[in-house]
Amino acid sequence: MRIAATFVSASGLLSAAGLCVAAVPVGAMVGAPDMAASAPCAGIAAEPASLGEERPGVKVYAFIVKKPGLTDEQFHAHWRDPHGTLTTRLPYFRRYIQNHGIGSVPTLPGLAPTPYLGIPTVWVDRLSDLEAAGADPLYAPLDRDIDELYIRDQAAWLFTREFVRCASPADRAFVPVKAQVFVRQRPGIPDFERHLAEFAKSVGSLPGVIGLSAALPVDSGNAPMFDGVVEVSFADQAQFEAAWGKDGPADALALLDSFADRAASRGFLAQEERVIWP
């Protein structure tokens, strides 16, 4: 059975699961670690370009559009609870985070925005774990709640393998600000992974970066929405704005233009909230 078809069916597991996460208010900054002391991404500019260490399992992004009639605040609150409480009852996820869009149209300067207000991410050992979750009786109340939160038939998914160049501080209560770049490859450009690694190095070398990862699609039986993902984390929005700038980082975006279709790529600025976390 094709995995994507499974989730676009009546069960709609991934969009449901994607919407469920913890009860930390948007904008809350919880116990930020001492970034000067940890400097987890220092030195990337002097190192060879690399996507980083490949992590086991499958990393799945869900993309969700809020239900008409909800305010942004109502959407974020409902996503955390009851949806978050329902999601944590499913025993199939190794890790689960909720990326709350910052602003009504979460915008990453230099890239086109998405229509989504939330991009949840779940890690599983294998794609079949998602099918098992959708068949579990514990999933039924989650599925019923979908239509209270987002537009079911506009949800989308991206199934990937993850690479971590430098991990952000591991504290579950930490709430970083994250720039997510979803890349579409420009036709006729070879060696996409090398180019993506060079782009990741460029954004990872920005001042204040505390986390850098990338992702590449896995075969799920359907054409992927994007050809690659780069995610870069900052301690807070002020650090992001100082590093990224009002027009985006010129050198990094020039690299992106050398191998990607920037008009078809997308940017998303989010607050990362950690729900199921080691």
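Predicted model: local features only at pLDDT ≥ 70, side-chain atom pairs only at ≥ 80, totals over all residues.

Residues are numbered from 1 along each chain as its sequence is written, and side-chain values use heavy atoms, with hydrogens and water left out.

**The whole chain.** Of the 278 residues, 53% count as buried, where buried means under 20% relative accessible area, exposed over 50% and partly exposed in between, with a 1.4 Å probe and protein chains only. Take the contacts (heavy atoms within 4.5 Å) between residues at least 6 apart in sequence: 88% of them join residues at least 24 apart.

**The helix pair.** Select 192-204 and 250-259, which are α8 and α10. Their axes are 9 Å apart at an angle of about 170°; axes are lines fitted to C-alpha atoms over the stretch in contact, and angles run from 0 to 180 degrees between N-to-C directions. That makes α8 roughly antiparallel to α10, a label for angles over 145 degrees. Show side chains at the contact: α8 brings residues including Phe192, Leu196, Phe199 and Val203, and α10 brings Leu255, Leu256 and Phe259 among them. The contact residues divide into eight nonpolar, three polar and two charged. Here Ala, Val, Leu, Ile, Met, Phe, Trp, Tyr, Cys and Pro count as nonpolar, Asp, Glu, Lys and Arg as charged, and the others, Gly among them, as polar.

Stay on α8. What covers its buried residues? The cover includes β6 (177-183), β7 (209-217), β8 (228-234), α9 (237-244) and α10. Among the buried residues of α8 are Ala197, Ala200 and Gly204.

Step back to Asp191, in the loop between β6 and α8. Its phi is near 60°, a positive value in a residue other than glycine. Most residues other than glycine have a negative phi, and most peptide bonds are trans. At 43% relative accessibility, Asp191 counts as partly exposed.

**A buried lysine.** Now pick Lys59 in strand β2 (residues 58-63). Lys59 counts as buried because its relative accessibility is 3%. Which side chain does Lys59 join in a polar contact of 3.1 Å? That of Glu162. A polar contact is a pair of N or O atoms within 3.5 Å; within protein, one must be able to donate a hydrogen and the other to accept it, and residues adjacent in sequence count only if both atoms are side-chain atoms. Lys59 also touches Trp123, Phe159 and Glu231, among others.

**A buried glutamate.** Next is Glu273 in strand β9 (residues 266-276), buried with a relative accessible area of 1%. Its side chain makes polar contacts with those of His100, at 3.2 Å, and Gln271, at 2.7 Å.

**Last stop.** Zoom to the peptide bond from Asp81 to Pro82, which is cis, with omega near 20°. Pro82 lies in the loop between α4 (72-80) and α5. Move on to Gly84, in helix α5 (residues 83-87) and buried at 4% relative accessibility. Gly84 and Leu142 are 58 residues apart in sequence, yet 9.2 Å apart in space, C-alpha to C-alpha.

Methods:
Helix = DSSP H or I, 4+ residues; strand = E, 2+ residues; numbered from the N terminus. Parallel < 35°, antiparallel > 145°, perpendicular 65-115°, else oblique. Lists of a residue's contacts leave out its neighbours within four places in sequence.
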